[in-house]
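Here are a few exercises to work through with the model open on your screen. Try each task yourself before you read the solution.

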Amino acid sequence: MRDSKYGLLRNFINGQFVDAAPGRTMPVISPGDGSLLADMPCSSATDLNIAVAAAQAAFPKWSRMPIKERVQVFFRYKYLLEKNLQELAALVSEENGKTMGEAIAEVEKCIELTEFATSLPQLVTGEVLEVSRGVECRTEHVPLGVVASIVPFNFPAMVPNWTIPNALALGNCMIMKPSEKVPISVTRIAVLLKEAGLPDGVFNIVNGDSEIVQEICDHPAIEAVSFVGSTKVAKLVYQRATQSLKRCLALGGAKNHLLVLPDAKPDMTAQNVAASMSGCAGQRCMAASAMVAVGQVDSIVDKICEEARKIVPGKNLGAVINKESKERIERYITEAEQQGARILVDGRGAKVAGKENGTYVGPTVIDHVQPGMAVAVEEIFGPVISIMRVDTLDEALEIENSSSYGNAASVFTQNGGYARYVIDRASAGMIGVNVGVPVPREPFSFGGWNESKFGVGDITGKSSIEFWTRLKKSTVKWNPEAGVNWMS
Ligand code: NAD
């Protein structure tokens, strides 16, 4: 095996790191400097079967434990995340390429997600009613069994924690399939969960790429699959998992619109737009990717360019995930230029001294984009904003509504009436008013519309309870009288 910082990664099954069956491996490259961090095994159906068997064995005891006991693990896990925040953030930054500040914010979000899970006993109390004399109906949220979580590269710790604390606190056992591009942070999360007292087998990691995802979708003992990634793969996973009669929630890609009105506060708007398009190098499903400028907003566009120029690769802007991604993003910019759009700030060809093998793209502002251009319609997933010019708010909404995606949309205005108009008409699951990245914080749930999400409900917050549990309804009569039945 080649020399690398973390060597050949192992799966995590039944509380232990174990070798995957011999087979293909994939390199894990640090986007920041191009160094080889590890090799990741592409697990086989045999590895998955072992992990599922461990999860099945752990399920009876874990699921029967009262939820108030189960959440004690997550109080301790939250404390361990806080204690190991810097170390976990450093791993996230190293394998994903985001800045240390962004990685710290990511781990802080993991802490908030875990905090929510510790409140689940308060939220899953079920209902009970005496429906006729001496006869009670009761509902209970019952765990599903073995569930799977398939995650993308852009948040190596946060997206896994969208599912881990809630699904497990609600009594399920999990198979986690990390992104092949960033599989290291999750191994640290597994160690912290074990240290927090999570019983062996409740949480398992099976590494791999598309092949193991197909095995997961087809596995008869996996009851539910959650997926976060691109729309193309979300569709495949949703179709395949539901084809084998599983419950599935598949979150896909995005093209988020910011509608900027002439009465918007210029400094605040410019800072928000620039931060939204460039944070995590634009690799957020909530990133602003298209801006619709309504009427005369030239001074705001100038300020956005000023803000964008303050964002410097390798300093306050991280790397994009890999060479293919850098090339793809730069291709989009060049194509828009060739089609007549104006590149106001150009991030192509960015280099960071001492990190020549890193994959950086500078912030890019493209003006006078036409609605049909690829940069206006497709997910670029880089620090690029495409500005379209329109005369009216209705035209802006028409552009937003025509997107096949529907994760987020934001409006920048000081007029409450216009803001409400946008909230009512934007075709997206998460709307911002003067907020560039309108991620709902716990207990509110996260989830888009249209081709940004397939399946019912949301992945986090209260909405996730319905996904990770099923309802048991019991009708109970203990009084001895004859003639009193459930309908009397
Ligand atoms: P991706 O779709 O390429 O990969 C996601 C997961 O699917 C990975 O674990 C990968 O191994 C697996 N996979 C890849 N190709 C597959 C195939 N053909 N069949 C089965 N499985 C396959 O996504 P990515 O590049 O890792 O992440 C970026 C994407 O994720 C962007 O589109 C982004 O918008 C999206 N995303 C969405 C949300 C959301 O909440 N909607 C959140 C984060 C990221």
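**Exercise 1. Find which atoms of the ligand and of Glu 180, Ser 230 and Gly 252 pair up.**

Start with Glu 180: an N or O atom in its side chain is 2.5 Å from an oxygen atom of the ligand. A polar contact here is a pair of N or O atoms within 3.5 Å; within protein, one must be able to donate a hydrogen and the other to accept it, and residues adjacent in sequence count only if both atoms are side-chain atoms. Next, Ser 230 puts a polar side-chain atom 2.6 Å from a ligand oxygen. Then switch to the backbone: a polar backbone atom of Gly 252 lies 2.7 Å from a nitrogen atom of the ligand. On its own the ligand has 840 Å² of accessible area, and the protein covers 89% of that (Shrake-Rupley method, 1.4 Å probe; for residues, only the protein chains shown count as cover).

Before you go on, a word on the ground rules: this is a predicted model, where local features need pLDDT of at least 70 and side-chain atom pairs count only at pLDDT 80 or more, while totals for chains, interfaces and linings use all residues. Residues are numbered from 1 along each chain as its sequence is written, and side-chain values use heavy atoms, with hydrogens and water left out.

**Exercise 2. Classify the ring pair Phe 74 and Tyr 77.**

Rings of Phe, Tyr and Trp (its six-membered ring) pair if their centres lie within 6.5 Å; planes under 30 degrees apart are stacked, over 60 edge-to-face, and the rest tilted. That rule gives six aromatic pairs. For Phe 74 and Tyr 77, the centres are 6.1 Å apart and the planes are at 90°, so call this pair edge-to-face. Now place them: both sit in helix H2 (residues 67-83), three residues apart, about one turn of the helix. Helices (H or I, at least four residues) and strands (E, at least two) are DSSP runs, numbered from the N terminus.

**Exercise 3. Asn 14 and Ala 281: buried or partly exposed?**

Asn 14 has 37%, so it counts as partly exposed. Ala 281 has 1%, so that residue is buried. Finish with the backbone: phi is near 55° for Asn 14, and near 55° for Ala 281 as well.

Technical notes
Buried < 20%, exposed > 50% of the residue type's maximum accessible area, 1.4 Å probe, protein only.
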